[in-house]
Amino acid sequence: MNQSIAHIALVVRDYDEAIDFYVNKLRFELVEDTYQAEQDKRWVVVRPRGDGSTSLLLARASSAHQETFIGNQAGGRVFLFLRTDDFYRDHAAMVEAGITFIREPKQASYGIVAVFEDLYGNLWDLVQFTDGRP
């Protein structure tokens, strides 16, 4: 069996503001932005640059109920983990781009990590794992 997670849906308020954040601040690549007329929505996919295959599907909230989850998809816990091969390079670039870090860098048994917020308040780890860690 060969399985993998292709996309993770992230509920957003607005496609274009989310694209701007992920592409221009986090330096992700825009993989696809296709209008789906039959559902009056867009299929917007972004992913970190590199050799990873998992991407984010930026899904605009389509109901008042879905809007309540924007920025709180994991109940206040770290939701996503952005792995890097150079923590200090990426941390500096993110600070320069205005990304808000709510926990400063620290050395842990598994590597170097800091917690940041996306444009809606979802929490992410920026992490450089110790060699051999997944």
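Modeller: Buried means under 20% relative accessible area, exposed means over 50%, and partly exposed lies in between, with a 1.4 Å probe and protein chains only. Helices (H or I, at least four residues) and strands (E, at least two) are DSSP runs, numbered from the N terminus. This is a predicted model, in which local features need pLDDT of at least 70, side-chain atom pairs count only at pLDDT 80 or more, and totals for chains, interfaces and linings use all residues. Residues are numbered from 1 along each chain as its sequence is written, and side-chain values use heavy atoms, with hydrogens and water left out.

Biologist: Why is aspartate 40 called partly exposed?

Modeller: Its relative accessible area is 49%. Aspartate 40 sits in the loop between strand S2 (29–36) and strand S3 (41–47).

Biologist: Which residues of H3 are buried?

Modeller: Phe87, Asp90, His91 and Met94 are buried in H3.

Biologist: What makes them line one face of the helix?

Modeller: Seen down the axis of H3, the buried residues fall within an arc of 100° (taken from the directions from the helix axis to the C-beta atoms), so they line one face. An α-helix has 3.6 residues a turn, so residues three or four places apart point the same way. On the other side of H3, Tyr88 and Glu96 are exposed.

Biologist: What covers the buried residues of H3?

Modeller: The cover includes strand S6 (101–108), strand S7 (111–117) and S8. Contact here means heavy atoms within 4.5 Å.

Biologist: What makes a set of residues a nonpolar core?

Modeller: The members are buried Ala, Val, Leu, Ile, Met, Phe, Trp, Tyr and Cys residues joined through side-chain atoms within 4.5 Å. The largest such core has 28 residues, and Phe116 and Trp124 are among those with the most contacts inside it. H1 supplies the largest share of this core, five residues. Phenylalanine 116 has contacts that include Leu26, Met94 and Trp124, leaving aside neighbours within four places in sequence.

Biologist: How do you know which residues line the largest pocket?

Modeller: A pocket is an open set of points on a 1 Å grid over the protein atoms alone, where a 1.4 Å probe fits, with protein on both sides within 12 Å along at least five of seven lines; lining residues have an atom within 4 Å of a point. The largest pocket is lined by 28 residues, and Pro48, Arg49, Phe81, Leu82 and Arg83 lie nearest its centre. S5 gives the most to this lining, four residues.
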